Amino acid sequence: MKSVDTKITRRPAFDRQQGVRVAQAMFHARGYDAVGVADLTAALDIKPPSLYAAYGSKLGLFERALQSYVETDFLPVGEILATDADPARALTNLFVAAARHYTRNPERRGCMITEAMRADDAEAAAVASAFGERGSKIIHDYIVAHASPEAVDRILDYVLVNLRGLSSFACLGHTAEKLVGCSEVAGGALKAEFAASAAG
C-alpha cells in the first residue's frame with residue numbers, strides 16, 4: 001500500500017497584543033457600549049471562549065485597550081506643560097495640542113478616555129474615569145505650582161471642561177482649525193485668571 005502523507009495545518013497562535021490593538025481602535029471609534037463581544041470576536045477571528053480565556057471579559061479587554069491608548073496615543077500632557085512658558089500660555093498650548101491631537105485621525109476622533117467616561121456601562125465608565133484621573137492630576141499639580149490656592153479648583157475645572165469640550169466637538173466632526181481657534185479664545189480667559197491670582 002502507498003502511504004498517504006497527511007499535513008495538518010495549524011492555526012497560528014493568537015496574538016493577544018495585536019488583539020488589544022484591534023480592540024483599542026474599535027472602542028475608540030465606536031465607544032464601549034456599541035462594541036459587542038460578537039463584534040470583537042469577528043474582528044479578532046476567534047471564538048468567545050478564546051476571548052474570555054485571553055482577557056477575562058469584554059471589560060478586561062477594554063481596560064487593556066485603555067492602557068494601550070495611554071502608552072501609545074494619549075495626549076502627552078506632562079511634556080506639553082514642561083516648558084518655560086507662562087502658565088496661561090502653557091495651558092493654552094495644551095488646548096491647542098488637544099485640538100490637533102483629537103482631530104488627526106478621522107476614524108478615531110476625540111480622546112478615547114474622555115469619551116469612555118460617558119459610557120452607559122457603569123463599570124466601563126469607572127475604569128475610564130480612573131485612567132482619566134492620571135491626566136487630571138498632572139494638570140492639577142501644574143496649576144497648584146503656578147496659581148494661588150483659592151484659584152486652583154476654579155482654573156482646574158475650567159481647563160478640564162475645555163479639554164473635554166474639545167474632545168466632544170472633535171467627535172462631532174469639527175475641524176482642527178476651528179478647535180485651535182476656540183483654544184486660543186479659551187486661553188485669553190486663562191491669562192486673566194492667572195493675572196487675578198497673582199494680584200490676589
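Modeller: Let me begin with a term: a helix is a DSSP run of H or I at least four residues long, and helices are numbered from the N terminus. The model we are discussing is predicted.

Biologist: Good to know. With that in mind, where is serine 57 found?

Modeller: Serine 57 sits in the loop between α3 and α4, and α4 covers 58-72. The α3 run is 48-55.

Biologist: And why is serine 57 called partly exposed?

Modeller: Its relative accessibility is 27%. Buried means under 20% and exposed means over 50%, so at 27% serine 57 counts as partly exposed. Beyond its neighbours within four places in sequence, serine 57 touches Leu51 and Tyr52.

Biologist: Let's turn to the whole chain. What makes up the secondary structure of the protein?

Modeller: There are ten helices and zero strands. Following the sequence, the pattern is α-α-α-α-α-α-α-α-α-α.

Biologist: What share of the contacts between residues at least 6 apart in sequence joins residues at least 24 apart?

Modeller: That share is 70%. A contact here means heavy atoms within 4.5 Å.

Biologist: Which residues does UniProt list for "domain: HTH tetR-type"?

Modeller: The UniProt record, an unreviewed entry, lists residues 22-64. In the model, that span is 74% helix and 0% strand, and its end C-alpha atoms lie 11 Å apart.

Biologist: Is aspartate 45 buried or exposed, and how do you know?

Modeller: Exposed means over 50%, and aspartate 45 has 51% relative accessibility, so it counts as exposed. Leucine 172 also passes that cut-off, at 63%. Leucine 172 lies in the loop between α9 and α10, and its C-alpha atom is separated by 20 Å from that of valine 159, 13 residues away along the chain.

Biologist: Now for the other end of the scale. Why is serine 183 called buried?

Modeller: Buried means under 20%, and serine 183 is at 1%, so it counts as buried. Serine 183 is placed in helix α10 (residues 176-199). Apart from its neighbours within four places in sequence, its contacts are Thr92, Phe95, Val96, Ala99 and Leu166.

Biologist: How do you know that threonine 114 counts as buried?

Modeller: The cut-off of 20% settles it: threonine 114 is at 13%, therefore it counts as buried. Threonine 114 is part of helix α7, and beyond the neighbours within four places in sequence it touches Arg164 and Ser167.

Biologist: Which residues lie nearest the centre of the largest cavity?

Modeller: Those are Phe74, Tyr102, Thr114, Gly132 and Leu163, from a lining of 15 residues. Two or more lining residues come from each of α7, α8 (122-146) and α9 (149-171), and α8 gives the most, with four. The volume of the largest cavity is about 180 Å³.

Biologist: What makes this one a cavity, and the other space a pocket?

Modeller: In a cavity a 1.4 Å probe fits but cannot get out, whereas a pocket is an open set, so the way out decides the name. The structure holds one cavity of 30 Å³ or more, and its largest pocket has a volume of about 230 Å³.

Biologist: And how does the lining of the largest pocket divide?

Modeller: Nine of its residues are nonpolar, two polar and seven charged. For the largest cavity, the lining has ten nonpolar, four polar and one charged. Of the 18 residues lining the largest pocket, Phe27, His28, Arg30, Gly31 and Glu115 lie nearest its centre. Here α1 (16-30) and α7 (112-116) are the elements giving two or more lining residues, and α1 gives the most, with four.

Definitions and conventions
Residues are numbered from 1 along each chain as its sequence is written. This is a predicted model: local features need pLDDT of at least 70, side-chain atom pairs count only at pLDDT 80 or more; totals for chains, interfaces and linings use all residues. Side-chain values use heavy atoms; hydrogens and water are left out. On a 1 Å grid over the protein atoms alone, a cavity is a set of points where a 1.4 Å probe fits but cannot get out, and a pocket is an open set with protein on both sides within 12 Å along at least five of seven lines; lining residues have an atom within 4 Å of a point. Grid points are joined across faces, edges and corners, and a volume is the space filled by probe spheres set on the points. Ala, Val, Leu, Ile, Met, Phe, Trp, Tyr, Cys and Pro count as nonpolar, Asp, Glu, Lys and Arg as charged, and the others, Gly among them, as polar. UniProt positions are given in the numbering used here, feature names are shortened, and annotations may be inferred rather than shown by experiment. Buried means under 20% relative accessible area, exposed over 50%, partly exposed in between (1.4 Å probe, protein chains only).
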